[in-house]
Structures are given as structure tokens and as C-alpha cells.
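Here are a few friendly notes to read alongside the model. Take them one at a time, with the structure open beside you.

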Amino acid sequence: MALAAATPLSRADESRPGEADLSGAADAADYIAARCLSDAPLGRVGLEIEAHCFDPADPLRRPGWSEIGEVLDSVPVLPGASRVTVEPGGAVELSSPPLMGAVAAIEAMATDQTVLRSAFAEAGLGLVSLGADPLRPAGRVNPGARYAAMEQFFAASHTGSAGAAMMTSTASVQLNLDAGPRAGWADRVRLAHALGPTMVAIAANSPLLGGEFSGWRSTRQRVWSRLDSARCGPVLGLDGTDPAADWARYALTAPVMLVHAPEAIPVSRFVPFAHWADGRVMLGDRRAGIADLDYHLTTLFPPVRPRGWLEIRYLDSLGDALWPAVVFTLATLLDDPVAADAAAEAVGPVATAWDVAARIGLADPRLHNAALRCVGLVADQAPASLRDGMDHLVAMVERARCPADDIADEAGRTGVPATVARLARRQS
């Protein structure tokens, strides 16, 4: 399977029940393991960047579905060929095609962002790159049946508040990277996970949610951590030597969220997909088929998701001054073999410190040390076009600060609405 920009949730609202049967959970495991990673050279990078849509004249107002749609109708074909989609709460996402190398992917995404922002500015709206909506309560504007069913699922599983925040109040920068040669999969997947806490601490950019300070640098990560770990936790086996088998095990253990019969119906009881595949439980009055399995995989949201390529999902959305440098850093740490070996050693002591990273970021001495070592491995490799951003990133890490600290300082001085309005008016 070739690397591609991952299909956004707003396009994953179709299933084809009954097309092909599964003989049982073992058959499903084989199907997942055979397709989750592709043996290919390293090098291609795809990006997905989300930003919250605000009205700078009234930042408490959430622009509606048709209002955002009218803006998108005015957007020309983007020069970098990114696709534009709208998330449940009205966040706007650009998904780029895979390009060779981080620099090419960054340049294409930056060009497309400029065009998209201009269209929103002409409509009196702005796009704000923060990991969590700092001002408005959770609220869904995307009318897709999938999202209505997801709301019902989260409510039934007693995670309604976190589920609503996840769907409508969070935004991220996501990297899609080639899985690489088969012989290196285990080390590569382990490193992608191990880098998570350090990169979360570096990129933390969401100190507020719904108008209140959360006490966390990355409230986005906190929201995701409050959801079911069987659906949103890291994908790692006991020894991590077979990431394809680990992903199959994870997917079959995870509970079924939605069943198409033919409309999306939430599953209100805990049913591991393996039970449905084996026929121990019938959902939609039938056993699971291949299409149901494909759909189930789109409802799993671990921080590193194998989709033929590696989908790196743990970075907060970031402003233009930092996201290119952060993307370049993470891609280089994973794709450059010398940097990867050194990074694995640097982040080993904090490889599982997800909550600490999200809560206090680089104020933790171990995370600060890992971050210093990681950016030090990459800084000299940045091309001239990224020099200013990389210098900014290095200086920030040296001071043990993250973007959330600057946002918190400004919001404390001027108030949250004024901070959001300023960010929404800025188009570069």
C-alpha cells in the first residue's frame, strides 16, 4: 500500500457490509497484519494540519457548517494539491499528498495554508492553530451521521465530555511517514512511540479549553488520555518485535464503536471486534465482514497508527513560526538513521511519560534533557528556508518553554477572547 494523506474522519462515513466475510478473529488478524505496514524505502512525508475556525469579531461564536462551506466553495485548486475537509466542530484540515522529504512537504503545505487563510480572511473569518479550542464549549457543526453516532457512543461509554472535546475542540499537526524496509519496522515503530512524550512536551500548545486554564500544557493530550485506552492508547506489545501483530491484537481487542445497518449505529455495550468476528456476538443481525473491519480500523485513534504507512498523531496544532521546524525535527529523527539511533538513546528514559509531558512539558528535567538532545541532533541539518524557525525552536527548548507558555502568558494579560481574536486576525 502506498503512502497517502490519511483519510480524514469526515470522509470515513461509508461502509460496505456484506461484501466479504471473515471466517473469524484469526482471519481478521491475518488481514490486518498483512496490510498495516508496507515494505518500502524511507523518505516520503505527508502532512495533515488542523486549525480552529473563529470569527475574530465575535470569538465566542462558532461559525456554522454552511458558513464554512461557502468559504470552501471559494477556495481555488490549491497549488500544493492538499485536500480540505471540515472536522466535527468546524476545524478546517489540510491534508497534503506525500512528497519526497520533509522540506518539500513543508513548503507545499505552507503555500496551501496561505491560500486557504486568505479565503477565510475575505469572509471575515480566521484559522487559529492551537491544540485545543481555548474559548468555546464543545459543539458539533458537521452534520455527518458518523459524528452523531460517535456522540452517542461516547455518552453510552461514560466518556461523553472527553469524546465531545476530542471531536470538536482539538486540533493537531500529523505526519504520515513511510513504514520503511520490513527489517526495520520494529525499531521504527518503537522509536515513533518513544519520541511521543518528548515531542508532546516540545509542541504542547493548548493550555486552555472552553475558556478555562486546564493546568496542562497540552490539554489536547489530556483529552485523548481520558478516552478508552483500548481505542486511543499506544500500540505496543510486550517486546515490540512484531508491530504488525501488535496492531492486529490491538484492533481485535478494541471495542466496536459503530455498525452500519446501513446507517451508522453506535454500539452501547463493550464488544471487542474479535467477538463479533468469531460470531460470539451478532451486531446489525450479522457477523462482521471485511468492510466492517476496515471501518472499525478508522475508529481507532492511537498516537501512532499503522495504515500501510505510519500516522504520527500526537502533536498539538502549531502556528507558522514553529510547525515547520517541529515537523522537520520529528521527520529527521525518524528517517535519518544516525539521528534515529541517537534519538532512541536520548528519549529512552521518558518513553512512556505521556501524562507528565502533557501536564508540565519541558519543566520536567528528564523531558527537558531529552528535548535538548533531540533538537541538537537535527538543528544543523535544517536548510536555510527553515533556519529562523529552527533557531526559534532551539531557543524555546533551551529555555524549557513550549508554545503553551506564551499563549498562557498572553491570555493572562489580555484575556482569552482578545488572544483568540488576535490569532484569528493574523493571516501569516
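1. How do the residues of the lining of the second largest cavity divide into nonpolar, polar and charged? There are 10 nonpolar, two polar and two charged residues. Here Ala, Val, Leu, Ile, Met, Phe, Trp, Tyr, Cys and Pro count as nonpolar, Asp, Glu, Lys and Arg as charged, and the others, Gly among them, as polar.

2. Before going on, note that this is a predicted model, where local features need pLDDT of at least 70, side-chain atom pairs count only at pLDDT 80 or more, and totals for chains, interfaces and linings use all residues. Residues are numbered from 1 along each chain as its sequence is written, and side-chain values use heavy atoms, with hydrogens and water left out.

3. A cavity is a set of points on a 1 Å grid over the protein atoms alone where a 1.4 Å probe fits but cannot get out, and lining residues have an atom within 4 Å of a point. Grid points are joined across faces, edges and corners, and a volume is the space filled by probe spheres set on the points. The second largest cavity holds about 90 Å³ of space. It is lined by 14 residues, and V189, H193, V235, P243 and P306 are the closest to its centre. Helix α6 gives the largest share of this lining, four residues.

4. Strands pair if DSSP finds at least two bridges between them. β1 runs antiparallel to β6, with five bridges, and I49 stands opposite V173 there.

Definitions and conventions. 1 Å grid on protein atoms, 1.4 Å probe; cavity = no way out; pocket = protein on both sides within 12 Å on 5 of 7 lines; lining within 4 Å. Helix = DSSP H or I, 4+ residues; strand = E, 2+ residues; numbered from the N terminus.
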